[in-house]
Amino acid sequence: MPALSQKALLESVPTQLFIGGEWRAAEAGATLDVFDPATGRVLTSVADGSPADGMAALDAAVAAQADWAKVAPRDRSELLRAAFEKLVERTEEFALLMTLEMGKPLAEARGEVAYGAEFFRWFAEEAVRIHGRYAVAPNGATRLITTKQPVGPTLMITPWNFPLAMGTRKIGPAIAAGCTMVVKPAHETPLSMLALAQLLEEVGLPKGVLNVVTTSHSGAVMEPLIRDNRARKLTFTGSTGVGKKLVEQSSEQLLRLSMELGGNAPFLVFEDADIDAAVAGAMLAKMRNIGEACTSANRFFVHESVAAEFSEKFAARMGALTVGKGTVKGVDVGPLITEKARAGVDELVQDAVAKGARALTGGAPVPGKGFFYAPTVLADVPATARVLGEEIFGPVAPITTFRDESDAISRANATEYGLVGYLFTKDLARAIRVAEALEFGMVGINQGIVSNPAAPFGGVKHSGYGREGGFEGIEEYLETKYIGIAL
């Protein structure tokens with residue numbers, strides 16, 4: 001897309017805070033810069049919200065809650081449907097915006113728009129299916145009614161790696177359930193959320209239902225809101241370390257929580273697997289979003305009898321990828337989000353190599369402007385390498401071998417995380433046994449992508465709790481009320 005079009009797109013995106021249905025500057029006019037990770041240059045500046053701005057956003061959400069909860073489910077449904085249609089209609093705009101601020105290639109950004117929009121369509125359909133039940137008490141003297149009501153004002157903290165979809169995955173069910181919101185997007189990628197707020201304003205979302213506070217002072221702005229007794233729920237997608245701090249803060253008001261945290265996904269390839277299919281699945285599981293995804297395959301465990309074949313074919317596919325600015329046609333791999341992130345990835349790679357791993361392809365940063373890292377496959381990775389124990393968040397695939405099914409399961413489960421696991425085998429009985437034995441909230445069998453708006457997304461152990469998407473997703477925003485009627 002021509003530079004002028006990019007400039008026009010950036011100029012069309014609001015750069016102020018969205019509070020109570022109004023666009024306004026941050027306190028004292030403070031701003032923060034948004035960078036293009038492919039060049040390191042400033043794209044634009046947005047409002048840098050203060051704690052007072054955050055409190056104003058919560059005030060607006062609280063003021064709007066009672067009226068919003070009374071809005072008919074069909075009306076909330078139609079609003080979400082309209083947002084879905086407009087988002088799909090504006091796919092190219094949102095895709096380019098994401099590529100500019102986050103770095104992912106345009107083709108992948110378009111995929112995120114399609115994926116993110118589906119949460120609006122899915123929860124538009126769920127909004128009219130919120131139901132309770134009617135029962136007769138065992139003694140016959142009372143009628144038991146259960147009903148569902150919105151949790152109330154919800155605090156949302158979204159990450160930089162999927163700046164649109166992680167927003168729609170939270171905002172969709174909140175609108176469907178009748179909850180108002182304060183959203184704090186990542187300071188690295190605020191533009192997608194600001195553009196989404198503008199879109200929801202255009203389709204008629206009432207004032208105060210959605211409030212967006214961009215800030216470089218996340219802790220200072222969000223902690224007072226988390227500790228405020230008017231907030232009733234907190235949903236967060238991000239690192240386990242930050243998630244633990246937020247859980248601690250939320251305990252003061254016993255907030256309802258949805259925590260989608262870090263991952264250390266195993267990718268198991270058994271001796272009977274279709275190796276070509278496993279390599280294709282590995283490319284998806286590893287390279288979605290440049291490897292900057294909590295669902296990204298982090299540890300590749302391959303049966304010793306097929307490890308050489310799998311590694312060779314996987315390295316060939318990874319080595320053939322084109323690295324570059326995401327707006328350039330034909331680019332497969334964009335930059336990492338920051339120089340700090342790239343340095344962290346390289347540190348893990350160099351540690352593994354120093355301990356005996358072999359780089360079959362890649363293994364170093366790409367010289368020049370931007371935060372690029374070469375797609376990397378490491379073979380013979382020792383168990384002591386940090387890359388097997390820490391979330392990589394980059395285009396690096398460490399491979400090690402296993403002897404048998406029991407060994408594979410044991411090594412896959414040897415992590416504090418439990419978000420997603422992948423396995424490839426032609427044996428149906430083995431697939432079921434292993435899937436049931438893996439200590440993860442999601443398992444992909446012979447596929448490298450598990451995310452689906454119609455399925456519950458979430459993990460166990462240090463990967464958090466709560467589910468987003470699926471029938472379960474809207475329950476996170478609803479309270480169950482029991483009403484007893486004496487006859």
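The legends below describe close-up views of a predicted model.

**View 1. An open sheet is formed by three strands.**
The 3 strands of this open sheet follow the order E5-E6-E22, with antiparallel pairing. Strand E5 (133-136) and strand E22 (478-486) stand at the edges; each has a single partner strand, so one side of each is left without a neighbour in the sheet. From one strand to the next, the twist averages 20°.

**View 2. Strand E5 pairs with strand E6.**
E5 and strand E6 (residues 142-150) are joined in the antiparallel sense over 4 bridges. Ala 135 has Leu 144, in E6, as its bridge partner.

**View 3. Phe 18 and Trp 23 form a tilted aromatic pair.**
The count of aromatic pairs in the model comes to 12. Phe 18 has 6% relative accessibility and counts as buried, whereas Trp 23, at 23% relative accessibility, counts as partly exposed.

**View 4. Tyr 115 and Phe 119 form an edge-to-face pair.**
The rings of Tyr 115 and Phe 119 lie 5.1 Å centre to centre, with 75° between the planes. Helix H5 (residues 106-126) holds both Tyr 115 and Phe 119, which are 4 residues apart, about one turn of the helix. Both of these residues, Tyr 115 and Phe 119, are buried. Tyr 115 also has a charged neighbour: Arg 288 lies over the face of the Tyr 115 ring, at 5.2 Å from the ring centre.

**View 5. Aromatic residues are linked into a cluster.**
The members of this cluster are Phe 267, Phe 300, Phe 310, Phe 314, Tyr 422 and Phe 424. The links among these residues are ring pairs.

**View 6. Lys 461 sits over the ring of Phe 440.**
The charged end of Lys 461 is placed 6.0 Å from the centre of the Phe 440 ring.

**View 7. Helix H3 and helix H6 cross.**
Two packed helices are described by the angle between their axes and the distance between the axes. For helix H3 (residues 73-89) and helix H6 (residues 165-177), the axes come within 8 Å and cross at roughly 155°. Angles over 145 degrees count as roughly antiparallel, so H3 is roughly antiparallel to H6. The crossing in which H3 passes H6 is right-handed.

Methods
Residues are numbered from 1 along each chain as its sequence is written. This is a predicted model: local features need pLDDT of at least 70, side-chain atom pairs count only at pLDDT 80 or more; totals for chains, interfaces and linings use all residues. Side-chain values use heavy atoms; hydrogens and water are left out. Two strands pair if DSSP finds at least two bridges between them. Helices (H or I, at least four residues) and strands (E, at least two) are DSSP runs, numbered from the N terminus. Axes are lines fitted to C-alpha atoms, for helices over the stretch in contact, and angles run from 0 to 180 degrees between N-to-C directions. Rings of Phe, Tyr and Trp (its six-membered ring) pair if their centres lie within 6.5 Å; planes under 30 degrees apart count as stacked, over 60 as edge-to-face and the rest as tilted. Buried means under 20% relative accessible area, exposed over 50%, partly exposed in between (1.4 Å probe, protein chains only). A charge sits over a ring if NZ of Lys or CZ of Arg is within 6 Å of the ring centre and within 35 degrees of the ring normal. Angles under 35 degrees count as roughly parallel, over 145 as roughly antiparallel, 65 to 115 as roughly perpendicular and the rest as oblique. A crossing is left-handed if the near helix is turned anticlockwise from the far one by less than a right angle, and right-handed if clockwise.
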